[in-house]
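Me: Please go through this model with me, one question at a time.

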Amino acid sequence: MSAFGKMRGLSALLLLHLFEGFLAVALLTILGSPVSAQSYPSQVIRIVVPTAPSSPPDIVSRVIANELQNANGWRVLIENKPGAVMTIAGADVVKQPADGYSILAMSVPIAAAPAFLPNIPFSIDRDLTPVAKISTSYNVLVVHPSIAANNVAELVTILKSNPDKFNFSSGGFGTPAHLIGEMFKLQTSVQTTHVPYQQFPRAIADLLSGTNHYMFVTTLPVVELIHAGKLRALAVTGPKRLESMKNVPTIVEQGFPNLVVEDWVGFAVKSGTPREIVAVLNSAINKALANPDVRNALAKIGAEAAGGTPEEYGTLLKNQVAHWAKVVKDSGMKLPQ
């Protein structure tokens, strides 16, 4: 073959490749990319929960997962990856493709994590895209019956009169019970010792035995204990009284407005996930949260359905990171080595 013939052959081959490329682009434009909202979800969605099974974030996530499956026919799997102030679960999600198939369940501790862990393997602001706030709940301040306090002011007086002689317990370092306990110390200038437990039931057991003296705790595990007189409830950390404990005043009613602490659960995905997919998830979650059965299931654990836009949840996250960074710094909290 002549040199001219070879050149004609190469030109034809080049034109064929260009045509194939244009055809592929056209097909993607018409049909949508593999991660388009039109086809989402076409596979199993993972909700990665940074706490152990039966914990509040786990229960909330399972309630939503169940509703997404029942209402939409989606396949949703819960994976529990607790540890390192919720950053193990967060690191898992940011390693996955940005396609909406890995969702991170988040709660208060992860907002405090950057202050505890300067080398956290991801950035909440940079690497995660908010999807929706799922629920809101508040803790109750309980004391062992041996503590002669019937309100928060009396407890503060007792603790101030006996520095370093009383303990407060939590389900682990960096948990809401710990963070609120340290905030309480900071706001009231009391000196008490934090006793963390890896197993939440043990924290309750040692509070019941009198080994520890007070605790900020979610309502579900202590409601019956309060009614039975085994623990005394002094206040709830919310701006209004709880339906399950209408006779327990709020922390605000007792003159401590700066101790209002909201415990929340929300969902996020890896940054770069198409906005259309974030919108599909947000819409499905808001629809789920409007279901009375879902709202009742959340109420059973002392939580209220939240919902809203990704932007609203993003604002909450930003504010919470700043808030807990200040609390961690001012209180001198440090992660145990």
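Me: How many helices and strands does the secondary structure of the protein come to?
Reply: The model is predicted, so local features need pLDDT of at least 70 and side-chain atom pairs count only at pLDDT 80 or more, while totals for chains, interfaces and linings use all residues. Residues are numbered from 1 along each chain as its sequence is written, and side-chain values use heavy atoms, with hydrogens and water left out. Helices (H or I, at least four residues) and strands (E, at least two) are DSSP runs, numbered from the N terminus. The secondary structure comes to 12 helices and 11 strands.

Me: What share of the 337 residues is buried?
Reply: Buried means under 20% relative accessible area, exposed over 50%, and partly exposed in between, with a 1.4 Å probe and protein chains only. Of the 337 residues in the protein, the buried ones make up 48%.

Me: Which residue of strand 10 is the bridge partner of L104?
Reply: Strand 3 (residues 102-107) pairs with strand 10 (residues 263-270) in the antiparallel sense over 5 bridges. With strand 1, the pairing of strand 3 is parallel, over 3 bridges, and R46 stands opposite S102 there. On the strand 10 side, M106 stands opposite G266, and the partner of L104 is A268.

Me: How many of the residues of strand 3 are buried?
Reply: S102, L104 and M106 point one way from strand 3, and I103, A105 and S107 the other way. Both sets are buried. The count for strand 3 is 6 of its 6 residues.

Me: Why is helix 4 described as largely enclosed by the rest of the structure?
Reply: The buried residues of helix 4 (residues 108-116) are V108, P109, I110, A111, A112, A113 and F116. They pack against helix 3 (87-94), strand 3, helix 5 (124-127), helix 7 (176-188), strand 10 and helix 12 (310-331). Helix 4 is largely enclosed because the buried residues number 7 of the 9.

Me: Which residues of helix 8 line one face of the helix?
Reply: The arc is that of the directions from the helix axis to the C-beta atoms. Seen down the axis of helix 8 (residues 200-209), the buried residues fall within an arc of 165 degrees, so they line one face. They pack against strand 5, strand 6 (167-170), strand 8 (214-218) and helix 9 (223-227). The buried residues are A203, I204, D206 and L207.

Me: How far apart in space are A149 and R232?
Reply: A149 lies in the loop between strand 5 (139-143) and helix 6 (152-161), and A149 is buried, with a relative accessible area of 0%. Beyond its neighbours within four places in sequence, the contacts of A149 include R232 and L234. A149 and R232 are 83 residues apart in sequence, and their C-alpha to C-alpha distance is 8.8 Å.

Me: How many aromatic pairs does a search of the whole structure find?
Reply: Rings of Phe, Tyr and Trp (its six-membered ring) pair if their centres lie within 6.5 Å; planes under 30 degrees apart count as stacked, over 60 as edge-to-face and the rest as tilted. Ring pairs link F168, F184, Y214 and F216 into a cluster. The search finds 7 aromatic pairs.

Me: What kind of pair do the rings of Y40 and W74 form?
Reply: Y40 is in the loop between helix 1 (3-31) and strand 1, and W74 in the loop between helix 2 and strand 2, so the pair ties together parts that are 34 residues apart in sequence. Both Y40 and W74 are buried. Their ring centres are 6.1 Å apart and their planes at 75 degrees, so the pair is edge-to-face.

Technical notes: Two strands pair if DSSP finds at least two bridges between them. Contact means heavy atoms within 4.5 Å.
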